[in-house]
Amino acid sequence: MVAVVEAEPSRAEIDLIFHALADATRRDILARVIERERSVSALAGAYRMSLPAVQKHVAVLERAGLVGKERIGREQRVHAEPVRIRQARELLDRFEQLWRHRVAAMDALLAEEQAPPEKE
Amino acid sequence: MPVLDVEKDLDNLTMTVTAEFAADVERVWALYADPRRLERHWGPPGYPATFIQHELVPGARSHYYMTGPAGEQPHGIWIVREVDEPRSFVVDDAFADEQGEPNEEMGWSQMRAELTPVDGGTRVRFVTTFASREQLQQMLDMGMEQGLTLAMNQIDGLLAEESAAV
């Protein structure tokens with residue numbers, strides 16, 4: 001058994017996650033490996049990109065913890081790291097909660113103003 | 001529920017919230033134009049806001065602070081960029097010191113609000129754009145850890161009104 005530590009990412013880790021996701025090719029690589037594990041050479045073929053260029057992108061995703069890599073024979077295989085991907089989403093999900101709170105407060109305030117005051 | 005839709009864009013660090021309110025455009029506008037109304041919904045859960053200075057006119061600076069659960073008072077500043085009353089406004093938002101001087105290191109986020117009259121009320125699109133993920137993170141660190149429990153306490157009276165109206 002492997003213990004999965006789901007601690008909140010540190011600020012430095014968050015930087016790495018956002019940096020990794022700021023590039024269209026890396027997002028696409030991530031989408032592909034979420035679907036299923038892929039070899040680095042298969043990814044290179046998909047983008048008509050040199051192997052080192054794809055390796056560079058994979059390394060950025062790997063530093064952010066979004067993907068993992070393992071060597072099987074002569075092949076390097078890339079797989080998604082779902083815990084980390086979820087954490088990136090959670091950042092924006094938390095901001096969504098703030099806005100839901102604001103909208104509910106605005107809505108309640110309007111309702112309160114609408115209600116006739118009991119006493120002047 | 002008044003929130004109709006939430007769109008998140010991880011790449012551009014923007015979030016768009018679309019909500020609908022059962023009030024006309026002028027009343028919804030007043031929730032942002034009037035500092036006493038604004039401070040009743042702007043602060044994150046557990047961090048009620050107090051606006052020391054606020055006027056929704058182009059070029060104006062708003063200065064506010066929030067009071068946290070431990071008594072801490074982080075300050076914030078708005079610079080009003082665009083106002084097209086009662087249709088839209090754009091403000092830049094940043095953390096600030098007690099004098100209202102922006103913390104340039106953290107950078108600015110921008111909020112655009114667009115109000116549209118619809119049948120029976122007003123639809124509002126709020127688009128927030130963050131300059132950096134640190135900025136997003138810091139904002140989330142403030143208050144959001146407290147969760148919704150505090151939010152419920154903070155706006156308990158308001159929510160009671162809301163549920164009574166349903």
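## Pairing and the model

Two strands pair when DSSP finds at least two bridges between them. That idea runs through much of this report, and one example sits in chain B: Thr16(B) has Val127(B), in strand 8 of chain B, as its bridge partner. Please keep in mind as you read that this is a predicted model.

## The sheet of chain B

Let's start with the overall make-up of chain B. It contains five helices and eight strands, and read from the N terminus the elements follow the pattern β-β-α-α-β-β-β-β-β-β-α-α-α. Chain B has 166 residues, of which 34% count as buried. If you take the contacts in chain B with a separation of 6 or more, 39% of them come from residues 24 or more positions apart.

The eight strands make an open sheet in the order 1-2-8-7-6-5-4-3, and the pairing is antiparallel. At the edges you will find strand 1 (3-9) and strand 3 (49-53) of chain B, each of which pairs on one side only. On average, and with direction ignored, neighbouring strands of this sheet are turned by 20° against each other.

Next along is strand 7 (residues 109-118) of chain B, joined to strand 8 of chain B by 10 bridges in the antiparallel sense. Glu114(B) stands opposite Arg125(B) of strand 8 in chain B. Strand 7 and strand 8 of chain B form a hairpin with two residues between them, and Gly120(B) in the turn has a positive phi of about 80°.

Helix 1 (residues 25-33) of chain B lies across strand 2, strand 6, strand 7 and strand 8 of chain B. Its direction runs at about 160° to strand 7 of chain B.

A backbone detail worth a look is the peptide bond from Glu85(B) to Pro86(B), which is cis with omega near -5°. Where does Pro86(B) lie? Pro86(B) is in the loop between strand 5 (75-84) and strand 6 (88-96) of chain B.

## The sheet of chain A

Chain A has an open sheet of three strands in the order 1-3-2, with antiparallel pairing. Its edge strands are strand 1 (38-39) and strand 2 (67-72) of chain A, and each pairs on one side only. Strand 2 of chain A runs antiparallel to strand 3 (residues 75-80) of chain A, and six bridges join the two. Across this pairing, Glu70(A) stands opposite Arg77(A) of strand 3 in chain A. Helix 2 of chain A packs on the sheet and touches strand 1, strand 2 and strand 3 of chain A, with its direction at about 90° to that of strand 3 of chain A.

## Helices packed on helix 4 of chain A

Two packed helices are described by the angle between their axes and the distance between the axes. For helix 2 (residues 24-35) and helix 4 (residues 51-63) of chain A, the axes come within 10 Å and cross at roughly 75°. Helix 2 of chain A is therefore roughly perpendicular to helix 4 of chain A. In this contact Thr25(A), Arg26(A), Ile29(A) and Leu30(A) of helix 2 meet His57(A), Val58(A), Val60(A) and Leu61(A) of helix 4 in chain A. By class, the residues of this contact are five nonpolar, two polar and one charged.

Helix 3 (residues 40-47) of chain A packs against helix 4 of chain A at an angle of about 110°, with the axes 9 Å apart. Angles of 65 to 115 degrees count as roughly perpendicular, so helix 3 and helix 4 of chain A are roughly perpendicular to each other. Their crossing is right-handed. From helix 3 of chain A, Val40(A), Ser41(A), Leu43(A), Ala44(A) and Tyr47(A) take part, and from helix 4 of chain A, Leu51(A), Val54(A), Gln55(A) and Val58(A). This contact has seven nonpolar, two polar and no charged residues.

## The loop between helix 3 and helix 4

The loop between helix 3 and helix 4 of chain A holds Arg48(A). Although Arg48(A) is not a glycine, its phi is positive, at about 50°. Is Arg48(A) buried or exposed? A residue counts as exposed if 12 or fewer other C-beta atoms lie within 10 Å of its own; Arg48(A) has 7, so Arg48(A) is exposed.

Note on methods
Residues are numbered from 1 along each chain as its sequence is written. Chains are lettered from A and ligands numbered from 1 in the order in which they are written. This is a predicted model: local features need pLDDT of at least 70, side-chain atom pairs count only at pLDDT 80 or more; totals for chains, interfaces and linings use all residues. Axes are lines fitted to C-alpha atoms, for helices over the stretch in contact, and angles run from 0 to 180 degrees between N-to-C directions. Helices (H or I, at least four residues) and strands (E, at least two) are DSSP runs, numbered from the N terminus. Angles under 35 degrees count as roughly parallel, over 145 as roughly antiparallel, 65 to 115 as roughly perpendicular and the rest as oblique. Two residues are in contact if their C-beta atoms, placed from the backbone, lie within 7 Å. Ala, Val, Leu, Ile, Met, Phe, Trp, Tyr, Cys and Pro count as nonpolar, Asp, Glu, Lys and Arg as charged, and the others, Gly among them, as polar. A crossing is left-handed if the near helix is turned anticlockwise from the far one by less than a right angle, and right-handed if clockwise. A residue is buried if 20 or more other C-beta atoms lie within 10 Å of its own, exposed if 12 or fewer, and partly exposed in between; C-beta atoms are placed from the backbone.
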